[in-house]
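Please read the following note alongside the sequence and the model.

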Amino acid sequence: MEQELDLSKRFGKKEAVIIQNIDKDEIFIPEKNSNTFYTRKIEGNKMTEKSLIKMRSMDLAKESPVHGKSLRHAKSFSSHFIINIDEMTSDGDNEKGALINKTSSGNMGIFSCDRSYISSSSISTEAMLENSQKRNNISELKASCPMDQEDQNSCSWRGIQIEPTLRIRVEFQDVKYTVALKGVENSNAEKCILQGVSGSACPGEILALMGPSGGGKTTLLKLLSGKVKNDSGMITYNDQPYNKSLKQRIGFVLQDDVVFHHLTVKETLTYAALLRLPNTLSKEQKKERAIRVIDELGLERCQDTIIGGAFVRGISGGERKRVCIGNEILLNPSLLFLDEPTSGLDSTTALRIMQMLSNIAKAGKTVITTIHQPSSRLFSRFDKLILLGQGSSLYFGKASEAMLYFSSIGCSPLIAMNPAEFLIDIANGNITEKSIPSDLEDKLSPGNHHFKSQYEGPSPADVHEYFVGAYESRVAKIEKIKFLNHRLIEKDSEVQNWPNSRDSGATWCQQFSILFTRSLKERSHEYFSSLRITQVIATAIIVGLLWWHSDISPPKRVSDQAGLLFFISVFWAFLPLFTAIFTFPQERAMLVKERSVNMYKLSAYFIARITTDLFLDLVLPVTFLVIVYFMVRLKLTFNAFSLTLLTILLSIIAAQGLGLAIGAAFMDVKKATTFASVTLMAFMLSGGFFLQEVPAFMSWVRYISINYHTYRLLLKIQYNSLRSFKYGSVNDSSAVEVGAMLVMVIGYRMLAYILLRKMKLRTST
């Protein structure tokens, strides 16, 4: 080697900084007595100066953000610096690529140099020098490759748009939100969720809301999307307040994947397209758009696989999340909000999701997402960042400058760590393995000696208070001035010039048809499951064997057959009632999600739902009755068999209506099943088999009992030749029972619909 670099001469006993992912001969050497540092690379027998690199100290600011004092490090901590390389390319094919990411959020973007000290006053803030020859080479390379992969992806997203994307800039200033505390003696007690949060997001950007659990990320996201009414502060969209015309310009992806488990990926997106896309598109065009979205989301391989869920095997978690995103981008929203889209996903899948969001943003959309603790690769995808801690802003600005900001106020990591990990620790008030700002140290303990020996460190509350004050004094005032002086990005994209609403989607009849088909495919798995079929057939066989060839010629045997008829009335009231109870509580999340974007009218959903249940409930009762009727040898005439079947079907429809009403009233499975059990027991006891003489003050129960009217109708069908016996007269007309059953069929369903209309569909589910 022609030129040897004697590290011991240049640093004495100090250590050189070895960077990971670099050859063993590649050493970054800080020039101690210079305001700028140089990077030299030793390769074989020559040393080439790659580029002039500015290495900034973590102490960029000369004054404290709070007290205006000069910042300094305690002697117990080592100094830190960030290497910020704007551009570095290889000279040859054998050389490595970029040594380090552009921002501090890249791989090993933060470095620690133990036992070395760098004064904040000695750091230059001049712009970095660039190699002009390499810039020319890069320009030639870009000329030969007119578009990189990300640009191609963003262009492909533009290709599936049904109309040009309306570019919307979101700005918010001093947003506050409080909720009333329940179960507290003081009825006026409130909890502050957000405390004056400010920020902005422009088209083509990804704004990340980051912070620990309970920091107010989801609340802020819902406030910005208009799902929650703003209490205090200002939120504008292209300098205009929120209005109803924005609702169809916004897509919101929930943290939980709310999908139908038994529908395939293609069916899910196709039904969403048919319901949501404007009526100006034909049915085939809507289906074609769904297919193109599937292609852009990379779901071609699993498009015919059911989505699945906790107990149903289907597609993976990342694919399920992409399906949920696809549901929202079908309408080409200008604003896309996502609540922790990477939760529960591995780092590679999460990166794929974030890359997709980056491509969506580059197509002209504004993307705002909450994130808990991303990897360094995910963090590098964010354009802007808001760091929240206990509802307060700790940082707002470019994500790539977050580490520089905290280093400028005297807090930097003592070891190499993921930037997101560092920021989450700051938001939690944890500054372990981080340098303590001198102002905070002086505030808590005037003498460093006592601080080290007697005090373990500042409390999380003190740390939080310090960083909130630092943000308010350094960043918040500047952002407020920007907010007040901001002009419209594009004059012709003002909100008042937007159309009040897009062309409406499907008509009522189309909604009914689509929802009926969708519900039929989804519910058929439940109604015709092997367990349910086995239950009904096994019960029918057991009943048939117990009442095998029942003969009513002896008067004593009539009571046996009467018991069978009563059991049939109870069984076919119990089964459909408890099945219908689960309908609305289980589909509440989906109903809230789809109704919040006006995907369909509630009446279309309700009628399609009850019609589906009606069709599905016709098969098993027929099978049950055929087995039981001929094994027991009930009245063997076609008329008697037909009337018996119609009576059972009427009972099923009435019980379904009661179950729907109970489910809609409680919207809670446990409460609904408890109430239904008590109600069904009352109906059964007053049904006329166990008790003939009911006290006058309780006689009203039998008139609303499904079992009572069903049992009497079955007796009249089977024993019309008998004038009277101990189970009641059967000679009178059946009009009263049929009329009562029809009233219950209609009345219970009307009650269920009214309860759904009055129910507050909270979006928090």
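Predicted model: local features only at pLDDT ≥ 70, side-chain atom pairs only at ≥ 80, totals over all residues.

1. Residues are numbered from 1 along each chain as its sequence is written, and side-chain values use heavy atoms, with hydrogens and water left out.

2. An open sheet is formed by three strands in the order β8-β7-β10, with antiparallel pairing; strands are DSSP runs of E with at least two residues, helices are runs of H or I with at least four, and both are numbered from the N terminus. Two strands pair if DSSP finds at least two bridges between them. The edge strands, β8 and β10, each pair on one side only, and the twist averages 25° from one strand to the next.

3. Strand β7 (residues 170-180) is joined to β8 (residues 190-201) by eight bridges, and here Val179 has Lys191 in β8 as its bridge partner. Five bridges join β7 to β10 (residues 232-237), where Ile235 stands opposite Phe172.

4. Helix α4 (residues 217-225) lies across β7, β8 and β10 and runs at about 120° to β7; such angles, from 0 to 180 degrees, are taken between the N-to-C directions of lines fitted to C-alpha atoms, for helices over the stretch in contact, where contact means heavy atoms within 4.5 Å.

5. The C-alpha atoms of Phe311 and His261 are 9.3 Å apart, although 50 residues separate the two along the chain.

6. Rings of Phe, Tyr and Trp (its six-membered ring) pair if their centres lie within 6.5 Å, and planes under 30 degrees apart count as stacked, over 60 as edge-to-face and the rest as tilted; by this rule there are 26 aromatic pairs. One of them, Phe574 with Phe578, is tilted, at 4.7 Å centre to centre and 45° between the planes. Both residues lie in helix α17 (residues 558-581), four residues apart, or about one turn of the helix. Phe574 is partly exposed at 38% relative accessible area, whereas Phe578 is buried at 15%.

7. One aromatic cluster is formed by Tyr395, Tyr405, Phe406, Phe422, Tyr466 and Phe467.

Methods. Buried < 20%, exposed > 50% of the residue type's maximum accessible area, 1.4 Å probe, protein only.
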